[in-house]
Amino acid sequence: MATVGDVTIQEDHWIGGAWVSSPATFDDVSPIDGQVIARVARGGAKEAEEAVRAATKAFPAWARTSREERARLLHAIADGVEKRLDRLAIVETTDNGALLRSHLRGVMPRVAHNFRFFADWLLGLGHDDFETRGHRNHVSWDPAGVCALITPWNAPLMLATWKIAPALAAGDTVVLKPAEWSPLTASLLAEITVEAGLPDGVFNVIQGYGEEVGAPLVAHPDVRRISFTGSVPTARHIARAAAANLTPLSLELGGKSPLIVFADADLDLAVNLAVEQYDNAGQVCLAATRLLVEESVAAEFTERFVAKASTLRQGDPRDLATDIGPNIHREHVERIDGFVRRAVAAGATPVIGGGPDTDLGGLYYRPTLFTGVAPDSEIVNEEVFGPVLTLQTFRTEDEAVAMANSTKFGLAATLATGSRERADRVTERLVAGTVWVNCFFVRDLQAPFGGARQSGVGREGGDWSFDFYCDVKNTVTAPGGWNG
Ligand code: NAD
């Protein structure tokens, strides 16, 4: 057992309603100060097999459980999350370094909402029957089976429950493999599901490294759905494994999203939107890391951006006054720094930042903005996943759209403009799963969520989640043929 703050946390796998250890463990390190906070069970093929077996065994009874009862249990899980909000928040902050302020006010309430939303959506799920030459068509959403859910470290519990909640609502059973850099809140969620009364084996957690325990999980022939959030290279491995069994999969991947600032925009709003991209120390898939600014306002925009960014307070994420915390892991900081050093070597100019804050111990990367970047350079085209933005200018709307659509990604796009007509014109031409106009990060769970191009495959959210997590069936019944 580990203790974080005053919260005691299991370090084992949660399989079939029991805590299960492994012979080996791995160190879980806090990005706040680099200290080991837990020694977590390091699973492999054996644990993946046991978890899939437990989930397979639990599936028939859970699939037969009424929608109303499943919804009731999901609301009970949400109650458990709300009761432990403070504890979940401090554990997540210590584990992944994201702001305690955000966890308390936004993220953990959203975790509870994930369960409530999909519980309620399930009860309204349906399609009107329709007739074909007197025959009745009836569409149903049948539970599919065991879901393998693989999640990243940047918003661990929020992203995991965005998959767990619809999967459980759909009548599926779950094996969750959390990221090895932030494994702890998954164990707390397991405890919450017990308290809520979820039957054994319906929800399972296996801990460890992706290649060791994640790979055998996604390759398992009894897994009926794979939902993955993470990087493009890992997605390729997972897609290859899924191909062997033709397991349907949903992939939510990286991005290099643009924020397009037109000269007719409210510049204060545009600057605020731009500075917001440093949230979570830049470790946000949706972050608009490419600032595309109309040339006539670029100088003023840059000046105001630098002034605003310099007011951000970087430091301990447990301090409620902090705006930017650490990055997740020393290895990740080195990766970010590699991008920055190569950008400088290629001739880009760091207007602010450009390295980690050594006074804070090296894990806190300073918010960085580059100008003078070449359109085909690495820093403009590859996802850094840190607090590193680039600024490029454009002259015409066509040029802005072409630049916005120029990468291999298509997760999101944000535009700032004072013209409705322009917003409509530009939005129509952007390649992105989500477009925000004069706003950022407004997310409704009933909206489709996913990415175009290499930012993902498929959509989740509202009906789209149930379409993915269920076997959708159409039953055609003839008008006659009945005995009596
Ligand atoms: P990652 O791909 O390195 O790891 C994600 C998960 O996959 C981890 O749990 C890891 O253990 C597991 N994994 C690794 N190899 C595996 C394998 N062979 N088989 C099965 N599982 C394996 O990603 P990360 O560094 O944890 O997260 C950052 C990435 O996630 C960024 O690219 C970011 O944009 C993306 N992301 C996307 C979204 C979205 O909704 N589109 C949200 C958050 C993060």
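**Figure 1. Salt bridges in the predicted model, with the pair Glu82 and Arg116 as an example.** Across the whole of this predicted model, the structure holds 26 salt bridges. One of the salt bridges joins the side chains of Glu82 and Arg116, with a distance of 2.8 Å from N to O. The two partners come from distant parts of the chain, since Glu82 belongs to helix α2 (residues 67–83) and Arg116 to helix α4, and 34 residues separate them. Side chains of opposite charge can pair when their charged atoms come close.

Figure 2. The domain assignment divides the chain into domain 1, made of residues 2–253 together with 455–474, and domain 2, which covers residues 258–437. To the contact between them, domain 1 gives 20 residues and domain 2 gives 26 residues. The C-alpha centres of the two domains are 31 Å apart. Between them, domain 1 and domain 2 bury about 2000 Å², and 62% of this area lies on carbon and sulfur atoms. On the side of domain 1, the residues that lose the most area to domain 2 are Ile32, Trp181 and Ser455, which together account for 29% of what that side buries.

**Figure 3. Polar contacts across the interface, and the side that domain 1 presents.** Ten residue pairs are in polar contact between domain 1 and domain 2. On the side of domain 1 that touches domain 2, helices α3 (85–96) and α4 (100–124) each supply at least two residues, and the largest share, four residues, comes from α3.

**Figure 4. The salt bridge between Arg101 and Asp323.** Across the interface of domain 1 and domain 2 there is one salt bridge. Arg101 and Asp323 form a salt bridge in which the closest N and O atoms are 3.3 Å apart, and their side chains are also joined by a polar contact of 3.3 Å. Asp323 sits in the loop between α10 (295–309) and α11 (330–345). When neighbours within four places in sequence are left aside, the residues in contact with Asp323 are Leu99, Arg101, Thr311, Leu312 and Arg313.

**Figure 5. The residues around the ligand.** The ligand is surrounded by 28 residues, of which the closest are Lys177, Glu180, Ser231, Leu253 and Glu383. Glu180 places a polar side-chain atom 2.6 Å from an oxygen atom of the ligand, whereas Leu253 has a polar backbone atom 2.7 Å from a nitrogen atom of the ligand. The backbone takes part at Gly210 as well, where a polar atom lies 3.3 Å from an oxygen atom of the ligand. To relate this view to the previous one, the C-alpha atoms of Glu180 and Asp323 are separated by 25 Å, and the two residues are 143 residues apart along the chain.

How values were computed
Residues are numbered from 1 along each chain as its sequence is written. This is a predicted model: local features need pLDDT of at least 70, side-chain atom pairs count only at pLDDT 80 or more; totals for chains, interfaces and linings use all residues. Side-chain values use heavy atoms; hydrogens and water are left out. Domain bounds come from an automatic or database domain assignment. Contact means heavy atoms within 4.5 Å. Buried area is the accessible area (1.4 Å probe) that two parts lose on being put together, summed over both. A salt bridge is a side-chain nitrogen of Lys or Arg within 4 Å of a carboxyl oxygen of Asp or Glu. A polar contact is a pair of N or O atoms within 3.5 Å; within protein, one must be able to donate a hydrogen and the other to accept it, and residues adjacent in sequence count only if both atoms are side-chain atoms. A residue is near a molecule or strand if one of its heavy atoms lies within 4 Å of it.
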